[in-house]
Amino acid sequence: MMLLASLLTEPIGVSHYMVVGAVLFTCGVICMATKRNALGVLMGIELVLNGANVNLVALGSPYLRGSEGSLGLDGQLMAMFVIVLAAAEAAVALAIALNFYNSLGSIDIDRADDLKG
Amino acid sequence: MIWSSFLFLLCSLLAGGFAIAVVLSNNIVRMAFYLVLSLSATAGLFFLAGADFVGAMQLMIYVGGTLVLLVFGVMLTAQTPFLAMRTSSGELLTALVVGGVLLFVLAFTVTNVPAWQPTNTPAVERNTPVVTAAPIGMALEGYRVDQLDQPDAELRQGMSGYLFPFLIVSVHLLVVLVGAAYLARARQAANDDVTNFPSEVRG
């Protein structure tokens with residue numbers, strides 16, 4: 001609450017960004033836990049990765065932190081690698097979901113409990 | 001009120017609000033649309049933090065690539081019974097309680113670290129634009145042009161760029177895309193006469 005009240009008078013800090021990252025992360029975790037559609041679970045994973053990206057960029061930002069102890073460009077480069085890995089993960093998970101849909105005729109992950117060929 | 005605070009508030013409310021909308025919506029098509037909006041607002045947050053190249057990549061790769069892939073997945077599997085699959089209200093309630101506790105712990109932690117509090121001494125002047133595309137490109141090629149003034153010579157030794165992770169991630173992308181194409185290929189049915197006995201069909 002103190003943080004929200006000080007938002008309008010003080011400059012933005014890393015902790016403001018991290019609260020946004022925490023909201024995105026929590027939404028992603030809830031989405032992964034509750035959605036029955038496999039693509040909904042995928043969207044939850046995207047939200048979690050974005051929450052992590054917000055934190056990385058905030059920790060490396062030259063506007064939000066002093067130059068000492070800052071991640072600097074490293075944070076942005078890590079965020080880029082996370083984006084690339086998210087793209088790769090989405091491609092493979094989508095292929096698996098399509099295969100699952102083709103063989104079972106359903107996209108409900110509650111039915112994905114057998115490994116029979 | 002300073003403009004950067006206002007824009008931060010706008011972008012963060014959009015990102016968080018549409019993320020909550022993704023969780024609460026049951027329709028998979030609407031979820032995909034809300035996700036597009038949430039990730040676009042996150043790109044706005046990146047721009048505000050001075051990460052212009054990462055923000056542009058977020059828009060191009062994430063919103064333009066990954067989410068288009070997801071939307072195609074939604075369209076390919078959007079049969080009417082799967083369009084809106086409801087979770088039971090008990091599960092949703094449990095998840096909301098657990099998620100609320102998790103959010104409280106995370107927010108409480110990040111607002112109590114002294115080093116992450118708002119400071120009045122940013123590393124650059126507020127009206128100097130930060131240009132990061134060229135230093136990021138050089139870092140991926142193996143040269144850290146942003147660390148040239150690092151006073152410690154031993155630390156400068158270790159800052160030799162990101163050529164190796166870049167190599168690994170490019171090979172990884174190639175392998176993953178080939179694997180995805182292999183997994184998602186059109187399967188030929190075993191009783192398909194055209195593929196098994198083409199001469200009979202033609203004759």
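User: Why do the side chains of Asp74(A) and Arg144(B) count as meeting in a salt bridge?

Analyst: A salt bridge needs a side-chain nitrogen of Lys or Arg within 4 Å of a carboxyl oxygen of Asp or Glu. Here the N to O distance between Arg144(B) and Asp74(A) is 2.8 Å, so the pair passes the rule. One caution: this is a predicted model, where local features need pLDDT of at least 70 and side-chain atom pairs count only at pLDDT 80 or more, while totals for chains, interfaces and linings use all residues. Residues are numbered from 1 along each chain as its sequence is written, chains are lettered from A and ligands numbered from 1 in the order in which they are written, and side-chain values use heavy atoms, with hydrogens and water left out.

User: How many salt bridges does the rule find across the interface of chain A and chain B?

Analyst: Across that interface, the rule finds 1. Over all chains, the count is 3.

User: What makes Asp108(A) and Arg36(A) a salt bridge too?

Analyst: Their closest N and O atoms are 2.7 Å apart, so they also fall within the cut-off. This pair ties together distant parts of the chain, 72 residues apart: Asp108(A) is in the segment after α4 of chain A, and Arg36(A) is in the loop between α2 and α3 of chain A.

User: What makes up the contact between chain A and chain B?

Analyst: Contact means heavy atoms within 4.5 Å. Chain A gives 71 residues and chain B gives 88 residues. On the side of chain A that touches chain B, 48 residues are nonpolar, 16 polar and 7 charged. For those labels, Ala, Val, Leu, Ile, Met, Phe, Trp, Tyr, Cys and Pro are nonpolar, Asp, Glu, Lys and Arg are charged, and the others, Gly among them, are polar.

User: How much area is buried between chain A and chain B?

Analyst: About 7,300 Å², with carbon and sulfur atoms giving 77% of it. Buried area is the accessible area (1.4 Å probe) that two parts lose on being put together, summed over both.

User: Why is the pair of Phe81(A) and Tyr162(B) called tilted?

Analyst: Rings of Phe, Tyr and Trp (its six-membered ring) pair if their centres lie within 6.5 Å; planes under 30 degrees apart are stacked, over 60 edge-to-face, and the rest tilted. These centres are 6.1 Å apart and the planes sit at 45°, so tilted it is. Phe81(A) lies in helix α4 of chain A and Tyr162(B) in the loop between α7 and α8 of chain B, so the pair joins two chains.

User: How do you know where UniProt lists a "transmembrane region" in chain A?

Analyst: Its unreviewed entry lists residues 12–31, 38–58 and 78–101 of chain A. Such annotations may be inferred rather than shown by experiment. In the model, residues 78–101 of chain A are 100% helix and 0% strand, with end C-alpha atoms 34 Å apart. Helices (H or I, at least four residues) and strands (E, at least two) are DSSP runs, numbered from the N terminus.
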